[in-house]
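Thanks, everyone. Let me put the structure up, and then we'll go from the inside out.

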Amino acid sequence: QVQLVESGGGLVQAGGSLRLSCTASGRTFSVYDMGWFRQAPGKAREFVATIKWGGEGTYYADSVKGRFTISRDNAKNTVYLQMNSLKPEDTAVYYCALRQGISVRSYHVEVRDYDYWGQGTQVTVSS
């Protein structure tokens, strides 16, 4: 009953920046955590970043720490991923995900931990 739609993907040169957005609609009741994952051809979907309901708690994969920033606007039901200093290895389809409820003491980094997924947006970084 929840729909997630990503936008903002595209083609950029190495070292460039891109900002992804994901908006949730439908029956989004109570609080929820949001996350970003990515998947390259022939590879498993991997965790990128997550943010808790209040926006204070964030967690990143080691591969993107210091380069990517996740944020959210609950009034707009939207989560963002600001990607700076992009590398060719960042090339992938990026997916946003929603998990119902909130865990204060832990972050969710597994695909199976999330309840709803967007269709994905392609990010291509050229060298």
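**Cavity, core and disulfide**

The structure holds 1 cavity of 30 Å³ or more. A cavity here is a set of points on a 1 Å grid over the protein atoms alone, where a 1.4 Å probe fits but cannot get out. This is a predicted model: local features need pLDDT of at least 70, side-chain atom pairs count only at pLDDT 80 or more, and totals for chains, interfaces and linings use all residues. Residues are numbered from 1 along each chain as its sequence is written, and side-chain values use heavy atoms, with hydrogens and water left out.

How much space lies in the largest cavity? About 40 Å³, as the volume filled by probe spheres set on the points. Its lining, meaning residues with an atom within 4 Å of a point, includes Ala 24, Tyr 32, Arg 72 and Asp 73. By class, that lining has 4 nonpolar, 3 polar and 2 charged residues.

Next, the core. The largest nonpolar core has 33 residues, and Trp 36, Leu 81, Met 83 and Tyr 94 touch the most other members. Such a core is a set of buried Ala, Val, Leu, Ile, Met, Phe, Trp, Tyr and Cys residues joined through side-chain atoms within 4.5 Å. Strand E9 (a DSSP run of at least two residues) gives the most, with 5 residues.

Last, the disulfide (cysteine sulfurs within 2.5 Å). Cys 22 is joined to Cys 96, S to S 1.9 Å. The pair sits 74 residues apart, Cys 22 in E3 and Cys 96 in E9. The S-S torsion is about 50°, so the disulfide is right-handed. Cys 22 counts as buried, at 0% relative accessibility; buried means under 20% with a 1.4 Å probe, protein chains only.

Conventions. Buried means under 20% relative accessible area, exposed over 50%, partly exposed in between (1.4 Å probe, protein chains only). Helices (H or I, at least four residues) and strands (E, at least two) are DSSP runs, numbered from the N terminus. On a 1 Å grid over the protein atoms alone, a cavity is a set of points where a 1.4 Å probe fits but cannot get out, and a pocket is an open set with protein on both sides within 12 Å along at least five of seven lines; lining residues have an atom within 4 Å of a point. Ala, Val, Leu, Ile, Met, Phe, Trp, Tyr, Cys and Pro count as nonpolar, Asp, Glu, Lys and Arg as charged, and the others, Gly among them, as polar.
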